[in-house]
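Here is a friendly walk through one protein model, from its backbone to its rings and helices. Keep the viewer open as you read.

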Amino acid sequence: MSCVDDVLTAARELSARMNSLSFAPPVAYTYNPLDYAWAGHEAYIRRFATTPKQVLYLGMNPGPFGMAQTGVPFGEIPAVTLWMGISAAVGRPERMHPKRPVQGFACPRSEVSGRRLWGLFEEMYGSADAFFAQAYVANYCPLIWMSESGANIPPTQLPKAQAEQIDTACQEHLVRLITALQPRCLIGVGAYALKQLEHAAAALPGREFTLGTILHPSPASPVANKCWPEKPREQIRAILAQAGLA
C-alpha cells in the first residue's frame, strides 16, 4: 500500500477499536471524531499524508472546538478551511452533551490551541504545502470525554483501567503511523505526548529518532499565554537542529 493508504487504514482500524470500548464514570459522554467527522479526517490524510515526513508532531486528544468539530488534529476552523483548504460534512455523535454540541465547520467557537499551533507553523513555513512537505500532525488518542456537567476529561484523568484500554490501541496506531510516515524527528506537543512517542520509539528497535517536546498551546497554561509563540518556535528550531534538519 502507499503511504496515504497505510495511514487511512490505520485510522479506520483505530476508530473501530475506539468504538468497541466503553467508559464508566466519571465519563458520561464520549465523542469519536474519527467516526462522525471521518470525512474531514480522511480529507486531511489524503491531502497531507501522501509522502514520508521528516517530523511528526503529536498532540494528546481532540479539543471540543477543534478536532471534535472538524476531524482534523488541533482543528481550528479558519486554519483548516483557509490555510489547509479543507471543508467537509460532519455528522453527530450518537449521544451529545447539550453544552458541547457538534456543529461541524459551522461552529462559532475558536480552538485556541489549534489557532496558536497552526498559526506558529504558518509563521514558520508560510503555506500549508510547505509545512506538510516536511511534517505531519496527529493526535495520540482520537476520543474526547466529558462528565455529566460537560467538563472535559483528559486521558490523564481517566481511571487506570480505562486509560490502559485506550493505550493498547493508541500505541499500536502510533507505531503504525511512524512506520508509514518514516519521520526522523518525533515532537510531543506537551509532556504527555512526548511520553507516548518515547514508548512508540522503544517499540521500533533499530530505528533512530530525535525526540523532543514543545510547550503545549493550551490557554489553560500560564506559560503558553505568556510565551507563545516565541518559546515553542525556539524549541522547534533547537530540536530540528539536533536532528540535523535545521
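Gln182 counts as partly exposed, because its relative accessibility is 45% (buried means under 20% relative accessible area, exposed over 50%, and partly exposed in between, with a 1.4 Å probe and protein chains only). You will find Gln182 in the loop between α8 and β6 (185–189); helices (H or I, at least four residues) and strands (E, at least two) are DSSP runs, numbered from the N terminus. The phi of Gln182 is near 55 degrees, a positive value in a residue other than glycine. Phe74 also has a positive phi, near 50 degrees, and lies in the loop between α4 (67–70) and α5. With a relative accessibility of 8%, Phe74 counts as buried.

A word on how to read these values. This is a predicted model, in which local features need pLDDT of at least 70 and side-chain atom pairs count only at pLDDT 80 or more, while totals for chains, interfaces and linings use all residues. Residues are numbered from 1 along each chain as its sequence is written, and side-chain values use heavy atoms, leaving out hydrogens and water.

Most residues other than glycine have a negative phi, and most peptide bonds are trans. Two cis bonds deserve a look here. One runs from Pro25 to Pro26, with omega near 15 degrees, and Pro26 belongs to the loop between α1 (3–19) and β1 (29–31). Another joins Trp228 and Pro229, with omega about 10 degrees; Pro229 is in the loop between α10 (222–227) and α11.

Now to the helix packing. Axes are lines fitted to C-alpha atoms, for helices over the stretch in contact, and angles run from 0 to 180 degrees between N-to-C directions.

| Helix pair | Axes come within | Crossing angle |
|---|---|---|
| α6 (residues 112–125) and α11 (residues 230–242) | 11 Å | roughly 60 degrees |
| α8 (residues 160–181) and α9 (residues 191–202) | 9 Å | roughly 70 degrees |

α8 and α9 are therefore roughly perpendicular to each other, while α6 is oblique to α11 (angles under 35 degrees count as roughly parallel, over 145 as roughly antiparallel, 65 to 115 as roughly perpendicular and the rest as oblique). Residues in the α8 and α9 contact include Leu174 and Ile178 of α8 and Tyr192 and Leu197 of α9, where contact means heavy atoms within 4.5 Å.

Arg233 is buried, at a relative accessible area of 17%.

Ile86, in the loop between α5 (77–83) and α6, is buried too, with 4% relative accessibility. Leaving out residues up to four places away in sequence, its contacts include Tyr44, Phe48 and Phe105.

Finally, the rings. Rings of Phe, Tyr and Trp (its six-membered ring) pair if their centres lie within 6.5 Å; planes under 30 degrees apart count as stacked, over 60 as edge-to-face and the rest as tilted. The count comes to 18 aromatic pairs. One of them joins Tyr31 and Tyr36 edge-to-face, at 6.3 Å centre to centre and 90 degrees between the planes. Tyr31 is buried at 3% relative accessible area, and Tyr36 is buried at 10%.
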